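Hi everyone, thanks for coming.

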Amino acid sequence: MSFQTDFHHVYQPGPAAGRPLLLLHGTGGNEHDLLDLAHTVAPGRTVISPRGKVLEHGMPRFFKRLAEGVFDEQDLRARTDELAAFVKGITAHHKLAAPIALGFSNGANIAAALLTLHPEVLGGAILLRAMAPLKDMPAFKLPQTPVLLVSGKQDMMIPFAQAQRLAASLTAAGAALTHETLPAGHGLTQTDLGLMSRFLAAQE
Ligand code: MLT
């Protein structure tokens, strides 16, 4: 029986062992966006891919923003709680381990919020072009949780200082963080794919 939820989502069980991937798309994407990428970097892993419920001029997102890079933190907190409940529900339903988030841009930012506000929900995370999701990052604990943060030095959407703030919070939380900074913009590159594949190959 499929899991009942008001999130549009794709659930694809895969033959590969290990934690499932939780795919979190960027602004204007949907639950199908990252499927090919996931199958490229982690063939055969089970994937869970929800669609963000907020619409900005018709474009799905995971939470509201007031301007580019300025988040509606009340909405962000409520949406993060809702996404955490979805992840707990669907993993319990299918008897899966806590997933590894694979988020891009807005999806990476809500993945960072999940790590911050619901650290028990994820078993690891790949954060592609992410920033600190909250102005005041609370203290939280992520002992040895593997996290790959990949930033673009020329990213016009994510100020590098904001990526560094996120990296500092994750390190302070005790995460096993790898922060890679590429000579790239907001878009993904082949180098991102190589980093993701290697990171995922090392995860259970
Ligand atoms: C966000 O709103 O999460 C960031 O500005 C990235 C994006 O444009 O989605």
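Let's start with Asn 106: a polar atom of its side chain sits 3.0 Å from an oxygen atom of the ligand. I'm calling that a polar contact, meaning a pair of N or O atoms within 3.5 Å. Arg 61 has a polar side-chain atom 2.8 Å from a ligand oxygen, and for Thr 27 an N or O atom of the side chain is 2.6 Å from an oxygen of the ligand. On its own the ligand would expose 260 Å², and the protein buries 99% of that, with accessible areas from the Shrake-Rupley method and a 1.4 Å probe.

A quick word on the source: this is a predicted model, where local features need pLDDT of at least 70, side-chain atom pairs count only at pLDDT 80 or more, and totals for chains, interfaces and linings use all residues. Residues are numbered from 1 along each chain as its sequence is written, and side-chain values use heavy atoms, with hydrogens and water left out.

So who else is around the ligand?

Now the spaces. Which pocket does the ligand take? The ligand's space is the largest pocket, a molecule being placed there if more than half of its atoms lie within 2 Å of the grid points. On a 1 Å grid over the protein atoms alone, a pocket is an open set with protein on both sides within 12 Å along at least five of seven lines, a cavity is a set of points where a 1.4 Å probe fits but cannot get out, and lining residues have an atom within 4 Å of a point. The largest pocket has a volume of about 150 Å³. It is lined by 15 residues, and the closest to its centre are Thr 27, Arg 65, Ser 105, Asn 106 and Met 157.

What about cavities? There are two of 30 Å³ or more. The largest holds about 40 Å³ of space, and its lining includes Phe 7, Lys 53 and Glu 82. Helix α2, residues 73–93, gives the most to that lining, with three residues. Helices here are DSSP runs of H or I with at least four residues, and strands are runs of E with at least two. By class, the lining of the largest cavity has four nonpolar, no polar and three charged residues.

How values were computed: A polar contact is a pair of N or O atoms within 3.5 Å; within protein, one must be able to donate a hydrogen and the other to accept it, and residues adjacent in sequence count only if both atoms are side-chain atoms. Grid points are joined across faces, edges and corners, and a volume is the space filled by probe spheres set on the points. Ala, Val, Leu, Ile, Met, Phe, Trp, Tyr, Cys and Pro count as nonpolar, Asp, Glu, Lys and Arg as charged, and the others, Gly among them, as polar.
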